[in-house]
Every structure is written in C-alpha cells, then in structure tokens.
Amino acid sequence: MAEKLLDFTQPFDVGLLDATISAFYGTGSKDERAAAERILRQLQEHPDTWTRVVTILQNSSNLNSKFYALQVLEGVIKYRWNALPMEQRDGIKNYISDLIVQLSSNEASFRQERLYVNKLNIILVQVLKHEWPARWPRFIPDLVSAAKSSETLCENCMVILKLLSEEVFDFSRGELTQSKIKELKHSLNSEFQLIHELCQYVLSMSQRPELIRATLATLHAFLSWIPLGYIFESTLLETLLKLFPIVAYRNLALQCLTEVAVLSFGDFYDAQFVKLYTIFMVQLQIVLPPGTNIPEAYAGGSDEDQAFIQNLALFFTSFYKAHIGVLEASPENQSLLLMGLDYLIGISYVEDTEVFKVCLDYWNSLVCDLFQSECNMETPATASPLGLQVGLGVTMGDAIGSQLSHRKLMYSGPLSKLRLLMVSRMAKPEEVLIVEDENGNIVRETMKDNDVLVQYKIMRETLIYLSHLDHEDTEQQMLKKLNKQLNGEEWAWNNLNTLCWAIGSISGSMVEDQENRFLVTVIRDLLNLCEITKGKDNKAVIASNIMYVVGQYPRFLRAHWKFLKTVVIKLFEFMHETHPGVQDMACDTFLKIVQKCRRKFVILQVGETEPFVCELLKGLPTTILDLEPHQIHTFYEAVGFMIQAEGDLQRRDEYLQKLMELPNARWAEIIGQARQSVDYLKTQEIIKAVLNILQTNTSVASSLGQAFLSQISLIYLDMLNVYRMYSELISSSIAEGGPYASRTAYVKLLRSVKRETLKLIETFVDKAEDTDLIAKQFVPAMMDPILGDYARNVSDARESEVLSLFATIINKLKVAMIEDVPRIFEAVFACTLEMITKNFEDYPEHRLKFFSLLRAIASHCFRALFTLSSQQLKLVMDSIIWAFRHTERNVAETGLNLLLEMLTNFQASEFCNQFHQTYFLTIEQEIFAVLTDSFHKPGFKLHVLILQHLFCLVDSGALTQPLWDVSTIGAAAYPNNMSFVRDYTIKLLGSSFPNMTLAEVTTFVNGLFETRNELGAFKNQLRDFLIQSKEFSAQDNKDLYAEEAAAQREAERRRMLTIPGLIAPSELQDEMIDT
C-alpha cells in the first residue's frame, strides 16, 4: 500500500505518509517497521520528493511527518539549491518565512509548536547561507521590523539571529568557502546597527522574562565579533551589569560579560574594562559574600547555582587573561584583583572536573607568565633560573628588577595558596598502577584514564613554575603536609597520594643541593611511615608512593650510591609482596631506575667488595621467586641494561651467561629430552616452558642489543628446528580439524611460540650493529624454516610477524638484501595478497605488515622491482591502491607513503615513461576518489603531496612520451601532456560532481596547475574544492588542518626543553646517564 507514495504521477497521499511514519516509529510489527523504513528511505532519496514538502507541511497532523518533510527540504537546500530555478527558490523562501511568522506571532502556537518552529528556523538559516545578502538584501531590515510587531515573534527573531551568527562565525570552517565566509561576516557587520537597536530596545523596555532571556542569548552569540563601539560607546554594559544581580538573568548576563571580558584590542578601552570589573566586584560581593565556602555551596546548590559558579570561573579567567595588566597597574585595583583571585582559588576546590579544568588552565597561564617575566627581566648580576645570563644595562636592570620583585611580591599570597591547592588536588601520573576502587579497596589499575593524564601534565607544569618562583615555599608546604601524614593528623590514602605525586612531579626544578636535602627528608619519612603503619592496604599505598617518588629522581639516585642501593633492595622486598599491583610497580620502577643509573651497578662502589650486578646475579633465583612470568621478563630486561653498561667484553659475556643460567639450563634439558623423543615437545606444559624461555630471551635482547650475540648463537639453530616442528604440528591440526582447529587453545599456544621466535630474531636484528654477520650467519639459515614455511602453510597458520621480520631485515641490511628480494617476493607476495584482498576485515595484522615490507623493498631495494614481470608489477600497484582505499588509518597511510616513494623513484628511473603511461591516470583517479570521500580525511596531507607530485611531473621534462592513448586518438590529439591532464581532470571531476558547474570545475583545475609549485596555496585550493563539492559537510574537519597542528606541538616541545623540570628527568633521553 505504502508503495503508492513513490508513484509521482498520482496526487500525494498525506494520510498514507502519516500512517507509514507512525508504523516506522513503533506502532507496527517488526516487519511493518522494516517495510516503512525502506519506503521512507527510498522516498527521501527520490529527487522530486521535495516538491511535496509544502503539501505535507500544510495537510499533515503528525509532527514526525513534518520533521521528515523538513529533513528532505534541508537536503535539497544544502546540496542542490543553486541548481533549482529562481521561482522555485523564491517559493520555498517565502513559504518558510511566512510559516515562521504565522506560528511565532501567536503566543499559544509558538509555545506549543516550539520544536517545529526551531526546525523551521534552522531551514531558514540554511537558505540564508545561499541567498543573503546578494539575492535577499532586505532580510535583516525586514526581520527587525517584523520583530517589533509582537513579543513572541521578537523572541523567535532573536533565535534566528543567534543561529545565523553561529553558522557564520562558529561553524563555518570546513562548511563554507573562505570567500563566502568573508561576504557573510561583512554583511552581518554592516547591518548590525539595526540588530543592536533592537536588542537595546528589548532589554530596556520589555517586561517578559522569556524575551529578555532570548535577547541575552542572542547577544552572547554576537558579542565576540560585533564592532566594539556598540559595546563600549553605548549603554549595553550598564544594562548587563544591572541585570546581573537578578536571579532569572544572572547566568546569561554573566555569559555576556564573559564574552566582553575576552575582547582585547590595545589599551583604548582600558578605562571601561576597569570600570566594568570594579562594578562587577561590588555586585558579586552581594550575590556571593567573600568568605563563602564555595565548594560546599556548589555541592548543595541547584543546577542554576552550579552553572553560576562555572560561569563565574569563566568570567574571572577570561578577564584576567586579557586584562590583568590594567588591574596590576594601580593600588586600588590591586586589592580588587587579589579578592578576585581569592574567589577563583575557592572555586578551584569545587569537586567538578569541568570547573577545575577552567581554573587550572588559567593558573597554568598565570604562573607561566610570571615565570617568563622573571626570566626576561632578571638583572645581569644574577643568573636566571635557567642558568642563562640575561644581558641588560645595569641601571635599567635595577629599575626593572624592583618592578619585578614588586609583581612577584604582590602575588606571593595567592601563589602560596595555589601551591597548597596543587598539592592537595594533584592528578595521578601514568606510572602509578595502584588505585582505590569504588568500594574503597586498593587494587591494580586496569585502564588508563586519558583525562586524568592530561590534567596531570598541566598540573605538573604549573607546579614546576610555582617551584621556580619560590623554592622555599614549595618545599615547606610539601614537608609540612608530609609531617601531617606521619603524625596521623591528615593520614588518608588520597592525601598521601596527591602529596607524593606532587613531590615526584617537581623533579628537576630545584638546584641539586636543595633537591638532595629535600629528598633525603622525603624518602626517610616515607620509609619510616612504611615501618610504623599497620595494615596490608596501607602498606601497599605507601609502597606505591615510595616507588613513584624514587623513580622520578634519577639525578639524586645517581649521586647517592647508598640511597640507590637501599632503594633497589627495598624494591626487591616489594617483589615478594603479593598485594595487587605492588610487584608490577616494583618491577617497572626497577627497570626505570636501571635505565637511568645503569653504570652505577657495574662499577665497584666505595665500601663494596664487588659491583652490585655480581651480588644481584648471585641472589637472582631468590629475588624472582614470587614473580609472575611477565614480571620476570621486565626484571631480566632491566638486568640486560645493567650488563650493557659494562665496557669489558669478556666480563659482559660472563654476566650474560650467569643471567641466562636458569633459562638456558631449562632449554638444554628440553632439547635433550626432545632428541630422545620428539613427542616430549608436544605437551602443553613443555610448550609453555619453551614460550617463557623465548620471552625471557627477547626481553634481554631488547635491552642488550649487539652484546646478545653469544646467547642467541647458542639457541638459534635449535630454535629454528622447534619452529619448523611446531609449524608442521599446526598445519596437520588445521588439516585434520578444519578452520576451527586454528582457534583451539593448543594451536594458539603453538602459534605463540612461533611468534615469539620471530619477535626474538627481529628484536636482535633491529638492535644489532654488525650487519655483515647477520647477512652471512643468520639470514641464510632462516630462509627455509621461516620463509618456505610461510609459503607452504595454510592461510590461517601464516604468521604476520614473518612479514615484519623481513621488513626489519631489509631496513637494516638495505641494498645487501637485493639478491633475496625475488625469493621473498615469491614466498609471501601472491599468497598474502590473496588473504587480504577478499575484504577489508580479515587478517588485520597481515595487512599493515605486508605494506611495511613492500615499503622496505621500495625504499632500499627499489631496483629489484625492475626484475618483476609486468603482471607482478600490476599486482604491486593494485595492492598499493587497495591499501590507500582502506578505511583503517595506518594501512591507508602506509599505502600512501609507499605510493609517494614509488612515484619519486620511478620518475628518476629509466622506466619513467613506461610506468606513467600505464599508471598515471589510474593513480590520479584513485587519489581523487579517496580525497573526496569522508572516510579518508586523515590522509589529506599525503593526498595533497601525491597530487602535487603528479601535477608537477607532467611538464618536468622527465616524461617524454604522451600519456594519452595514441593508438585511438592519434599523437597530435593534444599539444602536450599538460593540456591532456588538464582536460582529463576536468572531465573526471565534472562527471563525478554533477552538482558543480563546468566553469567551477575548470577554475579549480586551472588553480591546481597555477599553484602546483607552492604547497600551501595548492592545499588551500583542494580544501576549498572539498567544501564547494559539498562532499565534506557538517563533519569534523580537523584532519584537513592536521599538519599545522603538528608543527605547533613540536615548537611547544622545544620551548619546554629550555625550562628545568618541565620535561621530567626520568623522560629525558639524557646523555648524562651515569657519567
């Protein structure tokens, strides 16, 4: 029955549409719902459905049907508006305007149909984006005069103006072209006087709360961009400040004042800003008396009250960011400034993440600014905290110095309170694995919370600036809090945690003597606390904090061997403590400390009879007795770092032999038994033992590097034999048990051994320095057991690690592998492609690693590709195209990088003409296809580079043959390749985007050729085209600007490196490792 809706030769049956929509929204059965959904989707996609919209809106009584009709109309306005004839456009425009006026002129219908009117407003604004100002110049004057005719109509006009402002100023990036945004902003600016008069008229004359609120909301949207005269040279600010104390308007007025507070244009309006702040502070003391406990008021307040506190934080932080200098300048303003900062500290204690983020962001910028100005204006006589000498004339220096210390003095009160706030609310760092769950138990953390990590980073930075500004106060506040933990006055898990996280976070910011003094006290007190406190959970919390703090101060540990030894022995104690998370953290901290202090463990320290590593190796079996396998692997990796620091080769080998004694003895026993009977290797228990031994080897190889040679040589051939045998076992299990056999626990375990073998070889190859040795001794032996095995196996038994192993080998040995490429190709290429090109989902691991291998070959053994047959090269190219079509971001990115390298290499080779005649047009077409579909936005930067490469290539001189098909259209069809590619591109895009005119496409393609040598302009051409072609609409377009963001991040890192402590000493790749 509903099929009748799709017959456009009949009059439209609105009743039938209502029934279909009701069925879809749940009155019908499941089948009826599905049928209704199908019809509605087909109807929505039909190009003529929009012509029925007016009929539906006039005759339907079902609100959902009206929304459905408006959705259809919105699609036409967004994507096909300019293609409609003029009278149809005017018809839609007038009908929507009249309908809005009719519904919002009458109080009852306006309140009742509110949702419907809101949707109509959105449609009207979509029309405006196309029509106004050029084809609808009287829109704003007409709107303003209509608004004066009735208060409800006025309220809705405010909503429309607010939407229009948001569309043009807030949401336009990636939605409108640069020139259209400019045109709309200009129109809004030039006609703002009418809007301003309307707002002033309402705020001074109206008594209707709804209308005043709507007007304030609209003003809030406009204040960020209107000409400043309308704000500062009218009565607007007075009006807002009058409305602020009234509860009903308090939040909206405060939001408007915040928008004004953000504005900053030189010092022209400074007097007005001071006046605004002064009146505001007087009123605030009535609304929220000083000394109020703000966190309590927030916790017990209504939603409106809580929003008020949040808005207050936004007002203060915005005002201070832009105008704190004016308030600092005179004593009477200073007292109001300090009162405001006091309010803000109170608000910072509110238990609400969003409120805290706003405050924290400001505190961070304030202390950063104070610190920078201290540095920049230090007198030459004193070195700055950075140890830099800042050259200033002495006389000038003295004056500036006094002015500066005055600023530092003025803020000393708030900054001291701020230190206490940071220490009390410090966020959890990443290294801490032991947390309190919702039931109050101490457990191991299972998930990292990214919000907390970001917050930690900002708090850490803030605290480091605070520490630089006054080391004494920072130290005193921390030690005072620690003392309250010891005497039980403030003993609580959370208090101890935040304090220790804060202590750990300022590592590197004090001068060494002070840091030593401070830490000796802290560590001594914490060890003491651990002794005197009873209870497993309490001890676990203290242990976690001791481990965190010592891990953060490598400089201190390097300088104090006795402390370092005590700490390591304490960590060994914690390795026997079975409380969740303690052993993990002990092993992680041990690894972290060893990485930073490795030399200290292999040299003979004063008062010792042998290097610590000897003592450790003797006691190793007892130390690791209670650890889980994964913890033992971390422990072994740490000892690997120690041994690597030993300069004497013979001693290094002795240490390694001693370290590997336990796993090697077990390995020898297993291999010995296997020689008697191969079946011995097939039991689960033995397979697990083999896996564990290999994992231990991998851990040591990762930290020891080239020095691991003697150990890997010992087990290499036996390991390859085990690999081959397990591989045959897997194949026979899958052959007998079918595809499900590959999912059994037994086969999974066997495959883990194969993977670990590959990982061990790859780790060693990656770290090794002697490439000749690898090429001669290791690679030939693995060709058949590993490569041959990969080719012989069934798909489900092929390990993706084989691909990454050979990629690593080629990246390491480079051109030395060129002879082996054909063999690698033969073994892995066709069979892997067959696995991964069936769809985009199966074998995800193989996908990425396959393209990484291909990329390694193209980078280092490019000439090996010339030996491929044209059929094989076509396979390679198809697989690359297939890769960058992939929706999985890293696969697509690897494919694009690979393509770019191939294009560059082929351009410089003797096969340039041949290659591009075959593939140029295909590549161009495929890149445009992914560029213009929204699934591949993250690849934008590489799409741009590839297209730029192609467009530069056509007249670079490298191409000497025509790219068009000479056999069908003749050699004289085009004067040169450039005009052919221009013509081809215009046809390609013209047929792909029927909604764009030929002139638009031609302009775009000509623009590409004109800007092809200038990357920035070329990229902007493409960005504007994507918006014009309406392919990327109403979505997140930040990926189109990703490159600019990355450059900003790098500059920030360079800045951080100049300030001691900002990048934690434990994270620095420091050259001072144990000098």
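In this predicted model, Thr763 is in contact with Thr698, Ala701 and Ser702, once its neighbours within four places in sequence are left aside. Thr763 itself belongs to helix α37, which spans residues 745-767. With a relative accessible area of 14%, Thr763 is buried, because a residue is counted as buried when this value is under 20%.

A pair of helices elsewhere in the chain was also examined. Helix α14 (residues 236-243) and helix α15 (residues 250-262) have axes that come within 8 Å and cross at roughly 145 degrees, and the crossing in which α14 passes α15 is left-handed. On the side of α14, the residues that take part are Leu237, Leu240, Leu241 and Leu243, and these meet Arg250, Ala253, Cys256, Leu257 and Val260 of α15. The residues of this contact between α14 and α15 comprise eight that are nonpolar, one that is charged and none that is polar.

With regard to cysteines, a search of the whole structure finds zero disulfides. Cys530 accordingly is in no disulfide, and the nearest cysteine sulfur, which belongs to Cys500, is 11 Å away, whereas a disulfide is defined by a pair of cysteine sulfur atoms within 2.5 Å. Cys530 counts as buried at 6% relative accessibility, and Cys368 is likewise buried, with a relative accessible area of 16%.

Finally, an unreviewed UniProt entry carries the annotation "domain: Importin N-terminal" for residues 36-102.

How values were computed:
Residues numbered from 1 in each chain as written. Predicted model: local features only at pLDDT ≥ 70, side-chain atom pairs only at ≥ 80, totals over all residues. Heavy atoms only, no water. Helix = DSSP H or I, 4+ residues; strand = E, 2+ residues; numbered from the N terminus. Buried < 20%, exposed > 50% of the residue type's maximum accessible area, 1.4 Å probe, protein only. Contact = heavy atoms within 4.5 Å. UniProt positions renumbered as here; feature names shortened; annotations may be inferred. Axes fitted to C-alpha atoms, helices over the stretch in contact; angles between N-to-C directions. Left-handed = near helix turned anticlockwise from the far one by under 90°. Nonpolar A, V, L, I, M, F, W, Y, C, P; charged D, E, K, R; others polar.
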